[in-house]
Amino acid sequence: LTPYAELSPSELVRACACSQDGEAWVEFIRRFHVVIAAAVLRTSRHWVEPSRPQLDDLIQDTYLKLCENDYRLLRSFRPQCEGSIYGFLKVVAANVVHDRFKAALAVKRGAGQTEAIAEPIQVDPKTTDDSNFEAVNQRLRLQQVDRILTEVTKGKDQERKRAIFWLRHRQGLTASEIAAIPSIGLTTEGVESVLMRLTIMIRGHVLGTKHEVKVLKRQNRSKGLGS
Amino acid sequence: LERNPNEHIGPAELARLLEESRWRTGSVDAAETHPHLAACTSCRQQFDELLALDRQLKNTISGDSPSPHGDCPGNDVWREVAGGLTRPDETLAPVEHASRCDHCGPLLREAVAEFAELNRDLTEAEQTQIASLESASADWQQRLARRITGTQHSGPDQEPKAWWQWLSVPRLAMAGASLLAVIVVGSWAVVHRYQVYRNQPAAAERLLARAYTEKRTLEPRIAGAAYAPLRVSRGPAASFTSRPAPLLKAEALIASQLESHPDDPAWLQAEAQADLLEGKYDAAVEALRRALELVPHSPAFLTDLATAYFQRAQQEDRKDDFGAAYEYLSQALKLQPDDPVALFNRAIVAEDLFLYQQALDDCDHYLRVDSSSQWAEETRNRANSVRKKLKDHESKATPLLSPAQIAAGAMPPSEIDQRIEEYLHEAVRSWLPQAFPEGHSQANADALQALFFWRS
């Protein structure tokens, strides 16, 4: 074993980014090969069932991507926790695979038929297609709910609560999908609980009563039964 | 444990039932959802009401995926967000954006789903497939490592010769010459390495200055950086790949040097400047405070520490930090009164503290030191803006009382106290010369009386 085998993942990344020592890279490839290979394999399957040489090529491309421009990507890596490197390598591998297949698809379609790259455009709210009454109505409903939401979430964590609410109700993410976003910092149950409390509060506003969570407490259970 | 069907449904369970019902199509019968809901009207009503609102909101989900807007982040950001590559406080802004944007929301959802799939444990079939790849072999991995580092290992081993076979006269002469050469080269290397080490903080400083200019995100200046217009970072956090290349290089250099020189003030300052460019203001304050403990009266450290406090004050709305920034810049200017960076920066801090007159004074002082650079142009613009603010303020404020009005007691002392700074300024600037004129001019009795009033 080389001395590099004793380094933590972050230390090993730094050693590879700052030195030209082949032993450091041998250890890096040995340690992270399965992570990169698995990410390449699963991402490739979104496009085709990849052959073994294809997978080897994509795995090699991922390592070379990490080394491009004087190890730019490796040097840009900022560990958020000890396991961050695995997420980082999966992201790099997924990007490499998607880029490779997109490029291959573009070549296959021919230069004249490649999809135009969508340029960011400024949308003027006054000129968007609002002729559809339902669209206008929907927008008004969303605005009304957003106003109420802003009011009921005033204070700490407002942005996070609003993000959770709209990820669920506008983007259609499930509670477990929302909880999977690291910056949300909640379990699935936590997200469900936030969503329910917000829904209750909004309901209260819509009905014109600012009542709080009305869920009956367990010690008073028998009173509410069958009433 | 068996659950008592007479127990009311708790918040966590109600939330779970709502979540499950949301994804069912068609009408949902509360009684079938949970046995307690069949028996308890109160819980059923609550559930039905919440479900109705949930359904209404579900109908507002747009099926369209419009083109990106101007403030949409790049598509690569979503995988980084889903993979947790950025700090949670930096990620919240793009997540919040995606929650309201019909272009980015689906991209985030796709990235989250993709990442969930990548995080699943490997199946046995996948493990076998990966193990059978050529890239899984040690030989392939060593070849790739050599390719990456551009080094080649030594050739095939040869049979070693016995040591006495080397002892011939020409070989001994060559060995002696080689030894001498090694000593000369070694001595040069030691001296050179020392010089290189000494030059490295300056190299880091140059890289940081270039990074600042390539992407100026700080309003205050850092020493040595050429002019660039301020780029207010728009919208959510940038991708981790978008940091200027010189910043990345400087950070690698600083990290490697701080390991062996953790108490070198020059490296601490370089680290703090990199932290400032990264937006890590707490870390910058800490590093500069350590540097100042080592070199207590360094104008450069004081100026950068002020910048760290100022940025943190703006980010976290910490009023004390604004004061600290002003104080440290004043200390730096006491040591180097004409330092253009400290003057430039103090004008900014003063304006933020509503010390408009002081801001204007610093701008004027700066323009006497540097009147022609692009920094000077920015200072001129700042001075004009401050002048306008002062003018607006003066036009809105009621005029100060004249000496005669003060002497006549036209206003209670408490109201004068509220504008004490302005009266003090007026007393020094106008009343004193009127009360004690030079030459044979006649003293203004009202001014004199107002000054007596002031003393009392």
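Contact here means heavy atoms within 4.5 Å. The structure is a predicted model, in which local features need pLDDT of at least 70 and side-chain atom pairs count only at pLDDT 80 or more, while totals for chains, interfaces and linings use all residues. Residues are numbered from 1 along each chain as its sequence is written, chains are lettered from A and ligands numbered from 1 in the order in which they are written, and side-chain values use heavy atoms, with hydrogens and water left out.

Chain A has nine helices and zero strands, where helices (H or I, at least four residues) and strands (E, at least two) are DSSP runs numbered from the N terminus. Along its sequence the pattern reads α-α-α-α-α-α-α-α-α. Of the 227 residues in chain A, 45% are buried; buried means under 20% relative accessible area, exposed means over 50%, and partly exposed lies in between, with a 1.4 Å probe and protein chains only. Among the contacts in chain A with a separation of 6 or more, 51% join residues 24 or more positions apart. Chain A exposes about 11,900 Å², and carbon and sulfur atoms supply 52% of that area. Accessible areas come from the Shrake-Rupley method with a 1.4 Å probe, and for residues only the protein chains shown count as cover.

Chain B has 22 helices and, again, zero strands. Buried residues make up 41% of its 456 residues. In chain B, residues 24 or more positions apart account for 56% of the contacts with a separation of 6 or more.

Next comes the interface. The size of an interface is often given as the accessible area lost when the parts come together. Between chain B and chain A the buried area is about 8,600 Å², and carbon and sulfur atoms give 60% of it; buried area is the accessible area (1.4 Å probe) that two parts lose on being put together, summed over both. In chain B, the residues that lose the most area to chain A are B:His8, B:Leu118 and B:Ile148, together 8% of what that side buries. The contact takes 96 residues from chain A and 100 residues from chain B.

The axes of helix H3 (residues 52-76) of chain A and helix H11 (residues 245-260) of chain B come within 10 Å and cross at roughly 75 degrees. H3(A) is therefore roughly perpendicular to H11(B). Axes are lines fitted to C-alpha atoms, for helices over the stretch in contact, and angles run from 0 to 180 degrees between N-to-C directions; under 35 degrees counts as roughly parallel, over 145 as roughly antiparallel, 65 to 115 as roughly perpendicular and the rest as oblique. On the H3(A) side A:Asp70, A:Arg72, A:Arg75 and A:Ser76 take part, and they meet B:Ala245, B:Leu248, B:Lys249 and B:Ala252 in H11(B). The residues of this contact divide into three nonpolar, one polar and four charged, with Ala, Val, Leu, Ile, Met, Phe, Trp, Tyr, Cys and Pro counted as nonpolar, Asp, Glu, Lys and Arg as charged, and the others, Gly among them, as polar.

A:Asp70, which lies in helix H3 of chain A, has a positive phi of about 60 degrees although it is not a glycine. A:Asp70 is partly exposed, at a relative accessible area of 45%. In chain B, B:Phe354 likewise has a positive phi, of about 65 degrees, without being a glycine. B:Phe354 sits in the loop between helix H16 (340-352) and helix H17 (356-369) of chain B, and at 63% relative accessibility this residue counts as exposed.

Helix H13 (residues 281-294) of chain B contains B:Asp282, which is partly exposed at 43% relative accessibility. Leaving aside neighbours within four places in sequence, B:Asp282 is in contact with B:Arg312, B:Glu316 and B:Arg318. B:Asp282 and B:Ala272, ten residues apart in sequence, are 9.5 Å apart from C-alpha to C-alpha. B:Glu293 also belongs to helix H13 of chain B and is exposed, with a relative accessible area of 65%. From B:Glu293 to B:Pro265, 28 residues apart in sequence, the C-alpha to C-alpha distance is 9.0 Å.

Back in chain A, A:Ile178 lies in helix H7 (residues 175-179) and is buried, with a relative accessible area of 0%. Beyond its neighbours within four places in sequence, A:Ile178 is in contact with A:Ile164, A:Leu167, A:Arg168, A:Leu173, A:Ile184 and A:Val191. The C-alpha atoms of A:Ile178 and A:Thr188, ten residues apart along the chain, are separated by 7.6 Å.
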